[in-house]
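Q: I am new to this kind of model and would like to learn how to read it step by step. Could we go through it together?

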Amino acid sequence: MPEETKKTPEAAEKPTNCMKCNKRLSRKTWYYKNNGYYCSKGCWQQAVKAQAAKKEKKA
Ligand SMILES: [Zn+2]
């Protein structure tokens, strides 16, 4: 029986771009936080602030 179907493609779910500035991410530099992928801590913090601002507007 071939076991090819059991293998899951690792590349499929890896981040390729920063969710904030859309900068290309490399394996060593991406910053993962709160289900988001960013190129740096700064980008993550900006994204968090943007999300917080949205929530405040809604509430
Ligand atoms: Zn970024």
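Q: Where is cysteine 21 found, and which residues does cysteine 21 touch?

A: Cysteine 21 sits in the segment before β1, and, leaving aside residues up to four places away in sequence, cysteine 21 touches Cys39 and Cys43. Cysteine 21 and serine 40 are 19 residues apart in sequence, while their C-alpha atoms are 9.9 Å apart in space.

Q: Is threonine 16 buried or exposed, and why?

A: Threonine 16 counts as exposed because 11 C-beta neighbours lie inside 10 Å, and the limit for that class is 12 or fewer. Threonine 16 is also found in the segment before β1, and its contacts, not counting residues up to four places away in sequence, are Arg24 and Leu25.

Q: Which residues make up the largest nonpolar core?

A: In soluble globular proteins, nonpolar side chains tend to be buried together. Here the largest nonpolar core has six residues, namely Cys18, Leu25, Tyr38, Cys39, Cys43 and Trp44. Of the 59 residues of the protein chain, 12% count as buried.

Q: What does cysteine 39 touch?

A: Not counting residues up to four places away in sequence, cysteine 39 touches Cys18, Cys21, Lys23, Leu25, Thr29, Trp30 and Tyr31. Both Cys18 and Leu25 belong, with cysteine 39, to the largest nonpolar core.

Q: In what order do the elements of the protein chain run?

A: The protein chain has one helix and two strands, and from the N terminus on they follow the order β-β-α. Among contacts between residues at least 6 apart in sequence, 10% join residues at least 24 apart.

Q: Where in the protein chain is confidence lowest, and where is it highest?

A: Where pLDDT is low, the predicted coordinates should not be read in detail. The protein chain averages a pLDDT of 80, and 76% of the residues score at least 70. Among the elements, strand β1 (residues 31–33) has the lowest confidence, at a mean of 84, whereas helix α1 (residues 41–58) has the highest, at 90.

Conventions
Residues are numbered from 1 along each chain as its sequence is written. A nonpolar core is a set of buried Ala, Val, Leu, Ile, Met, Phe, Trp, Tyr and Cys residues joined through C-beta atoms within 7 Å. A residue is buried if 20 or more other C-beta atoms lie within 10 Å of its own, exposed if 12 or fewer, and partly exposed in between; C-beta atoms are placed from the backbone. Two residues are in contact if their C-beta atoms, placed from the backbone, lie within 7 Å. pLDDT is the predictor's confidence in each residue, from 0 to 100. Helices (H or I, at least four residues) and strands (E, at least two) are DSSP runs, numbered from the N terminus.
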